[in-house]
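Reader: Please go through this model with me, one question at a time. I would like each answer to end on the value or name I ask for.

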Amino acid sequence: MASADKREHLYKVLVIGDLGVGKTSIIKRYVHQFFSPHYRATIGVDFALKVLNWDQSTLVRLQLWDIAGQERYGNMTRVYYKEAVGAFIVFDVTRAATFEAVQKWKNDLDSKVTLPNGKPVPCVLLANKCDQAKEGLVNSKPQMDEYCREKGFVDWYETSAKENVNIDDAAKSLVTKILENDESNEWEQDSEVVPLDAKQTTQKTGDGCSC
């Protein structure tokens, strides 16, 4: 049934990756359309809210969690990851070591948070600072496509917070997947409710007869 009111969704999205890959810059660009070359390293976790008028009937609020890249915060990530429904993993195309760490972050994510159906949360890989000289696998799009298929990423984008390249497109890709999962989960819940109600009705009738 169509409703004149907008459906509102609040989604928690993680932004993770090694120290200095540009996580904070990407969030600032996406939420505030702002870039600065000077940011202090995030300590622990920071937050930002992005409101999207997705379509005529849907309002999406994204709560973006900017999680510190320092290794020593790894033991806190289970708390930070809780109830997330999507994630960006970010690496710096100018530092191949940050790409090598991507698998660690993906494994950490998949081991600590899942969707209600037990599947991994959708994750988009961001190859950031693409306005600069690139190192390693990111120079080959076919190899990156294959890497993302193998590692379970729903998509990947070359991004630049400085030049505002592909950040909106990457977010649109992730939110589309989150909405698909949400609708699928609602459908599964609705389909479970019908037989449950029917069973309860039957039990009540039986109880009434036995009294």
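Reader: Which class does Lys129 fall into by relative accessibility: buried, partly exposed or exposed?

Author: The model is predicted: local features need pLDDT of at least 70, side-chain atom pairs count only at pLDDT 80 or more, and totals for chains, interfaces and linings use all residues. Residues are numbered from 1 along each chain as its sequence is written, and side-chain values use heavy atoms, with hydrogens and water left out. Buried means under 20% relative accessible area, exposed over 50%, and partly exposed in between (1.4 Å probe, protein chains only). Lys129 has 22% relative accessibility, so the class is partly exposed.

Reader: Where is Lys129 placed, and what is its phi?

Author: Lys129 is in the loop between E5 and helix H5 (141-151); helices (H or I, at least four residues) and strands (E, at least two) are DSSP runs, numbered from the N terminus. The residue is not a glycine, yet its phi is positive, near 70°.

Reader: What is the phi of Asn164, and in which loop is Asn164 placed?

Author: Asn164 is not a glycine either, and its phi is positive, about 55°. Its relative accessibility is 32%, so Asn164 counts as partly exposed. Its place is the loop between strand E6 (155-159) and H6.

Reader: How far apart in space are Pro116 and Val85?

Author: Pro116 is in the loop between helix H4 (102-112) and strand E5 (123-128). With 71% relative accessibility, Pro116 counts as exposed. Pro116 and Val85 are 31 residues apart in sequence, and their C-alpha to C-alpha separation in space is 9.4 Å.

Reader: How many cavities of 30 Å³ or more does a search of the whole structure find, and what is the volume of the largest cavity?

Author: A cavity is a set of points, on a 1 Å grid over the protein atoms alone, where a 1.4 Å probe fits but cannot get out. Grid points are joined across faces, edges and corners, and a volume is the space filled by probe spheres set on the points. The search finds 1 cavity of 30 Å³ or more, and the volume of the largest cavity is about 70 Å³.

Reader: Which elements give two or more residues to the lining of the largest cavity?

Author: Lining residues have an atom within 4 Å of a point; among them are Ile26, Phe88 and Ala170. By class, the lining has 10 nonpolar, no polar and no charged residues. The elements giving two or more residues are helix H1 (23-32) and helix H6 (167-210).

Notes: 1 Å grid on protein atoms, 1.4 Å probe; cavity = no way out; pocket = protein on both sides within 12 Å on 5 of 7 lines; lining within 4 Å. Nonpolar A, V, L, I, M, F, W, Y, C, P; charged D, E, K, R; others polar.
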